Structure formats: C-alpha cells, structure tokens
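Let's work through a few exercises together. Keep the structure open beside you and try each task before reading its solution.

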Amino acid sequence: MSNPLARPLIADSIVDVIGATPCVRLGRLAKENNVVANIVLKLESMEPCSSVKDRIAKSMIEEAEKRGEISPETTFLIEPTSGNTGIGLAMVAAAKGYECILVMPATMSMERRVMLRALGARLVLTPGKLDILVGGVGTGGTLTGTAQFLRSVNPALHVVAVEPQESAVLSGEAPGPHKIQGIGAGFIPKNCDTSEINEIVKIPSEAAISTSRAIASKEGVFVGISAGAALAAAIEVGQRAENAGKTIVVIIPSFGERYLSTALFADLFQEVSQQAPEPVTL
C-alpha cells in the first residue's frame, strides 16, 4: 500500500510534489543549548516554490475545482497578494492552465515581480503609498476584506466606512429609508469586520446624488449613487488639515449607467424624454 504522505519519484505535475516535505531533527544546536526535548524542523522551505503557501494555493484551487466552481477554460484567478501566496498561486495556475492576475503594492521588490511574471502571472500594481481607504458598506466584504490585505503592507492604514445618514446603523443609530442604492442595508452583515474600520462617515442621500452628478459633469467619471457617497466622504476627509499631502483611495463600486432611471438622474431622464426635435438647416 502506497504512503499518501510520500512524494512520487516521478510526478506528472509540479502540483503533485507539493506537500510531504521532510522533517529534520535539530542536532548540534540542540546539544549546544542543553535541549532535553526533541526539536523537529518541518522544512516547508523545500516546497516547489520554497514556501508553505504552496500548500494553500494548491488547496484553494483544487477545492474550488471539486465543487465545480472553476475550470481553466472559464476562470481567471485573481488574488491580492504581497508575498508567497501569490507565488504559490502563480505556480499552480501555470501547471493547471489558468490565467492568473495578481494585485500587489508597487513597493514589492523587482525580484518578486520578475518571479511572478516568469510563472506566467499578470501583475497589477497598486499605489505604493496609501494612507486612507474610503468605501461604502453594503455587505462590508469589499471594504473590510481590502483593509485586511492592505494592512499587511501598511499597518497604519486609516479605513473610513461610509453609510447613509438616514440609516446610520454602523454608528449605532436606527435604520431608515434612503436613496443610496448598494449601501446601508439597515443591519450590520456578519461578514463586515467592524474591527477593521477606524472611522465612520455619514452621508445624506442628496449629497451622494449631487456628488455623483458632479464627478460625471466635471471629471468625466460616470458612477453610481454609492460611489457618490464614498467620494463625498473622501472629500470631507481630504479637507482636514491633518490629511494634507496624504493619499486617499476611494472604492468606486459601480457604473452610472445602472442608475439612469433612479433618483440619481431623474431630472435628466425627464428632461430628455420631453425634449422636442429641433429643426436643422442643411
């Protein structure tokens, strides 16, 4: 009977040799320090890409494959990473035929970038210096999940959650009706890790709408209502003297076209629907 923990002598794929790393008993160093226990080193540094994260990459991809959720023909693998998890994912993706896109800070070393590109991954570099992250809270997953990753790079990151003033449940107030679609569910979802939030800014619906319209007409950026709320909060935070020179990144979650018939563009919708043809002289 074969040993399930043993590596194959000849593997069909690099993925097959992930795991089953050797153990080495500490010898001379243990004796020099009068160690009376047995210290054993589990050498995950001898994984194919020299990190324990190779195991994680293999497990994540193969478990999703077993559930029928991904396949090389239909799936792009996208992962925010600043280290060995990305290297492991790039390796497994290359071996299995997946397209792999890795998002990482621009401060990462050239050696790491070259290694990832050599393994076939596409790199997306985020700004090297990020001081403040601002985003609306719907389920809360996007803002707090992003914050968890970015704090691994910058522990001093300041995270600002945005909610409707009319339904400020994160602030401990009662839920209520509002016009900011996409945020302000009226309760705090379980996957919203409030420990990642440093500050909560309440934005009135009308301010969200007017800011969405302003960024479209003055910047050429066509966004939805919740994006207007996030931007209004970022402007408020960016006006503070203590934030002079800092970089604030605002999460813009959706495109304005989704909101043409809502309160966001109700007046324009009415205006163009009532517009009469004008005579044209040729």
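Buried means under 20% relative accessible area, exposed over 50%, and partly exposed in between, with a 1.4 Å probe and protein chains only. Helices (H or I, at least four residues) and strands (E, at least two) are DSSP runs, numbered from the N terminus. The model is predicted, so local features need pLDDT of at least 70, side-chain atom pairs count only at pLDDT 80 or more, and totals for chains, interfaces and linings use all residues. Residues are numbered from 1 along each chain as its sequence is written, and side-chain values use heavy atoms, leaving out hydrogens and water.

**Exercise 1.** Find the buried residues of helix α5 and what they pack against.

Solution. Start with residues 141–151, the span of α5. Within this helix, L143, T144, A147, F149, L150 and R151 are buried. Next, look for contacts (heavy atoms within 4.5 Å). The buried residues of α5 pack against β3 (76–80), β4 (99–105), β6 (132–136) and β7 (158–164).

**Exercise 2.** Describe the surroundings of A232.

Solution. Is A232 buried or exposed? Its relative accessible area is 13%, so A232 is buried. Then list its contacts: leaving out residues up to four places away in sequence, A232 touches I203, A207 and T211.

**Exercise 3.** Which residues does V92 contact, beyond its neighbours within four places in sequence?

Solution. Setting those neighbours aside, V92 is in contact with V15, I18, A57, K58 and I61.
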